[in-house]
Structures are given as structure tokens and as C-alpha cells.
Amino acid sequence: MKIVIDSNILFSALLKSDAKLAEIILNPSFDLDKYTCYFLYVEIFKYKEKILRLSKLSEDDLLEVLYRLIRKIVFVNESTTPDAIWEQAKQLTAGIDTKDTAFVALAVYPEATLWTGDRKLLEGLQARGFTQVIDTATLLHQLNVS
């Protein structure tokens, strides 16, 4: 299964590096091709201080966990996404959260499933008929993880 990791998933994995989210990203036995877009780097830097504070990790420890996680994810340059896909993603995220446009575009092209912890985004996309989106509970169920 190809999945696109939304920034809130990576943030949650950083905050609780021993939790299920980190396990899904790090465990090679799960048959997952993990992708995200370069915009995630911007989000990490934007919220670095908050992540540090909430995780209660030292900066060195946080960077070590981040490094372990991002090594398992393929970063895709948004400029490789066709304009028509960007427009479709913009329409899907309009009125929900336009900051997630790049993640949605990556899920559309090349066909993957967006993994998000953002309930508003999940439900908003589903209400618009976008089925290539999944939450953690459903992903855990599909992976047979309890």
C-alpha cells in the first residue's frame, strides 16, 4: 500500500516516539510505501519549538528520532505534480485546510492513500467523495495491529 504521511502524523510520531504511529513508520514488516512532500520540512521547522516543548525531549534526542523517521519516508518534490492534479487538490481542500493541498495532491498523483490524524480534513475530503484518505485507527486495523 502506498501512503502519504501528513504532517500531523509525523508530529504525533515525534511526540510519542514509542507509540503506534512511529511503529507504523519504522517497522519494515508492514507492506507500506511511505511518501510525503517537501512541505513537511517547512512544517517541522515552523513548529520545532512546540514539538520540543511537548515531546519533553532534548533537541539532540528529537533530531535523532526525526532522523530515524524521515529515513523511512520518500520525500517527493511537489513540482513533479501535474498542474491538473494541483487544481484538483486545491478544490478538494478549499474550505477545509489549504495547507494540506500538497499532501492531497501527492495522494492523487501517483495514486496513494493520505494518512492523516486531522479529523476535519478526513471528514471534509470524504464528504467531497475523496476516498484516498485514511485515519490511524483504520490503518492499524488494515495492518492487523492491536
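Among contacts in the protein between residues at least 6 apart in sequence, what share joins residues at least 24 apart? The share is 67%, where a contact means heavy atoms within 4.5 Å.

This is a predicted model, in which local features need pLDDT of at least 70, side-chain atom pairs count only at pLDDT 80 or more, and totals for chains, interfaces and linings use all residues. Residues are numbered from 1 along each chain as its sequence is written, and side-chain values use heavy atoms, with hydrogens and water left out.

View 1. From the N terminus on, the elements run β-α-α-β-α-α-α-β-α-α-β-α-β-α. Helices (H or I, at least four residues) and strands (E, at least two) are DSSP runs, numbered from the N terminus. The radius of gyration is 15 Å, close to the 15 Å that the globule rule gives for 146 residues, so the protein is as compact as a globular protein of that length. That radius is taken over C-alpha atoms, and the globule rule is 2.2 Å times the number of residues to the power 0.38. The C-alpha trace spans about 40 × 35 × 25 Å along its principal axes. Of the 146 residues, 47% count as buried. Buried means under 20% relative accessible area, exposed over 50%, and partly exposed in between (1.4 Å probe, protein chains only).

**View 2. Ten named residues are shown around the largest pocket: Asp6, Ser7, Asn8, Phe11, Glu43, Tyr47, Asp97, Lys99, Asp100 and Asp118.** The pocket has a volume of about 150 Å³. On a 1 Å grid over the protein atoms alone, a pocket is an open set of points where a 1.4 Å probe fits, with protein on both sides within 12 Å along at least five of seven lines; lining residues have an atom within 4 Å of a point. Grid points are joined across faces, edges and corners, and the volume is the space filled by probe spheres set on the points. Helix α1 (residues 7–15) gives the largest share of the lining, three residues. By class, the lining has six charged, two polar and two nonpolar residues. Ala, Val, Leu, Ile, Met, Phe, Trp, Tyr, Cys and Pro count as nonpolar, Asp, Glu, Lys and Arg as charged, and the others, Gly among them, as polar.

**View 3. Tyr38, Tyr41 and Phe75 form one aromatic cluster.** Rings of Phe, Tyr and Trp (its six-membered ring) pair if their centres lie within 6.5 Å; planes under 30 degrees apart count as stacked, over 60 as edge-to-face and the rest as tilted. The count comes to five aromatic pairs. The Tyr38 and Phe75 rings have centres 6.1 Å apart and planes at 25°, so they are stacked. Tyr38 lies in the loop between β2 (33–37) and α3 (39–46), and Phe75 in strand β3 (residues 74–76), so the pair ties together parts that are 37 residues apart in sequence. Tyr38 is partly exposed at 37% relative accessibility, while Phe75 is buried at 15%. Tyr41 and Phe75 are also a stacked pair, 4.5 Å centre to centre with 15° between the planes. Tyr41 lies in helix α3 and Phe75 in strand β3, so this pair ties together parts that are 34 residues apart in sequence. Tyr41 is partly exposed, at 30%.

**View 4. Ile51 sits in helix α4 (residues 48–55).** Its relative accessibility is 5%, so Ile51 counts as buried. Not counting residues up to four places away in sequence, Ile51 touches Phe11, Leu14, Leu15, Ile44 and Leu62.
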